[in-house]
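Here is a report on one protein chain. Look at the sequence and the fold first, then read on.

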Amino acid sequence: MEANMAAPLPSRCGFFVQKKNRFCKMVPGKGRSFCGEHATMVSHEEGVGGSRRITCPLDPKHTVAQQNLEKHLKKCNSREKPRPVYYVENINAGRVDRDQELPEDLVSPCPPAGLQQDVEDRTLSHPVLQEELSDPRNGGSAHKHLKQQASLLGHLQELGLLSRGRCFVEFGAGRGKLSHWIHRALQNPEGQGVAMETSQDLQLLLVERCSTRFKVDGKHQGSADPFERLQVDIQHLDLSKVPVLREKALPLVGVGKHLCGAATGESCRDVMWPSGKGLGPLVYPIQ
């Protein structure tokens with residue numbers, strides 16, 4: 001450790017995290033110098049006022065005191081939780097058997113407004129992100145994501161999908177930045193000096209299988225337009241069973257920015273199949 005390196009914050013862990021180039025900010029136990037995660041990395045702390053820490057059997061990304069393992073397994077965020085009503089195993093996984101017969105309404109050709117084989121690669125933009133795109137404080141990575149989000153909003157607007165009276169389903173939402181900008185764009189639509197209408201004419205649904213930190217939708221708590229998260233794998237999500245969608249019966253618009261190939265296929269099935277299951281009219285997905 002360099003002589004001029006800053007000391008840890010008062011009452012905080014004394015372990016220096018090389019990757020972050022700073023001391024750990026976790027609070028250690030009473031009478032200890034290191035937090036639980038880093039106590040195992042310094043030999044003089046092991047066994048002092050506590051037990052040996054081991055890797056959590058449910059998630060190897062964190063550790064737990066061996067003597068507290070049984071108690072930890074009951075509350076660990078990675079434990080298996082009761083499955084929600086919209087969980088239907090492998091509903092969007094596609095065909096298991098190549099010879100399996102599918103219902104005729106699921107194999108009929110998509111209408112002209114649906115998916116197309118020839119897709120033109122175009123980068124569009126949207127005025128709601130111009131200020132952020134022009135901010136020099138945004139580094140290269142942040143600017144890349146903003147440019148992608150602006151292009152997706154531009155495509156939604158060009159297709160006539162960026163309007164209220166719909167439910168936007170963001171697949172692979174992560175922190176929820178895309179839904180955040182969709183909401184911002186619809187707060188005061190371009191060329192309309194009108195305030196938001198009632199909360200019944202817009203719904204933002206964020207689908208993410210992992211627990212995510214620093215979620216942007218948390219900033220919209222108390223907003224007139226509801227944000228709702230579904231922590232479930234897209235492969236097992238049946239949108240026709242989501243209570244808020246059955247209640248509002250709004251047209252669905254599926255969006256996604258962080259999807260791999262398999263998740264893209266699963267999302268398309270999830271958005272297109274619910275038509276005729278009691279939900280609102282179908283609007284085809286965009287990514």
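## Terms and model

Buried means under 20% relative accessible area, exposed means over 50%, and partly exposed lies in between (1.4 Å probe, protein chains only). Helices (H or I, at least four residues) and strands (E, at least two) are DSSP runs, numbered from the N terminus.

This is a predicted model: local features need pLDDT of at least 70, side-chain atom pairs count only at pLDDT 80 or more, and totals for chains, interfaces and linings use all residues. Residues are numbered from 1 along each chain as its sequence is written, and side-chain values use heavy atoms, with hydrogens and water left out.

## Overall make-up

The chain holds 8 helices and 8 strands. Of its 287 residues, 39% count as buried. Contact means heavy atoms within 4.5 Å. Among contacts in the chain with a separation of 6 or more, 61% join residues 24 or more positions apart.

How many residues of strand 5 are buried? The count is 6 of 6, so strand 5 is largely enclosed by the rest of the structure. In a regular strand the side chains alternate between the two faces of the sheet. Here, both faces of strand 5 are covered. Arg166, Phe168 and Glu170 lie on one side, with Cys167, Val169 and Phe171 on the other, and all are buried.

Two strands pair if DSSP finds at least two bridges between them. Strand 5 (residues 166-171) pairs with strand 6 in the parallel sense, over 6 bridges. Arg166 has Leu202 of strand 6 as its bridge partner. Cys167 stands opposite Gln203, also in strand 6. Strand 5 pairs with strand 8 (residues 252-256) as well, again in the parallel sense, over 5 bridges. There, Phe171 has Gly256 as its bridge partner.

## Strand 6

Strand 6 is mostly covered, with 6 of its 6 residues buried. Leu202, Leu204 and Leu206 point one way. Gln203, Leu205 and Val207 point the other way, and all of these residues are buried.

Strand 6 also pairs with strand 7 (residues 227-230) in the parallel sense, over 4 bridges. Leu205 stands opposite Glu228 of strand 7.

Where does Asp201 sit? It lies in the loop between helix 6 (177-187) and strand 6 (202-207). Asp201 counts as buried because its relative accessible area is 12%.

A polar contact is a pair of N or O atoms within 3.5 Å; within protein, one must be able to donate a hydrogen and the other to accept it, and residues adjacent in sequence count only if both atoms are side-chain atoms. The Asp201 side chain makes such a contact with the side chain of Arg164, at 2.9 Å. Leaving aside neighbours within four places in sequence, Asp201 is in contact with Arg164, Gly165, Arg166, Asp225 and Leu250.

## Helix 6

The buried residues are Leu178, Ser179, His180, Trp181, Ile182, His183, Ala185 and Leu186. Their cover includes helix 4 (130-133), helix 5 (140-158), strand 5, strand 6, strand 7 and strand 8.

## Aromatic pair

Rings of Phe, Tyr and Trp (its six-membered ring) pair if their centres lie within 6.5 Å; planes under 30 degrees apart count as stacked, over 60 as edge-to-face and the rest as tilted. The structure holds 1 aromatic pair. Phe16 and Phe23 form that pair, edge-to-face, at 5.2 Å centre to centre with 80° between the planes. Phe16 counts as buried because its relative accessibility is 10%. Phe23 is buried too, at 12%.

## Cysteines

A disulfide is a covalent bond between the sulfur atoms of two cysteines. The cut-off used here is a pair of cysteine sulfur atoms within 2.5 Å. A search of the whole structure finds 0 disulfides. Cys13 is in no disulfide, and its nearest cysteine sulfur, that of Cys35, is 3.8 Å away.

Cys13 is buried, with a relative accessible area of 0%. Cys260, at 48%, is partly exposed.

## Annotated domain

An unreviewed UniProt entry annotates residues 53-80 as "domain: CHHC U11-48K-type". UniProt positions are given in the numbering used here, feature names are shortened, and annotations may be inferred rather than shown by experiment. In the model, the end C-alpha atoms of residues 53-80 lie 22 Å apart. The span is 25% helix and 21% strand.
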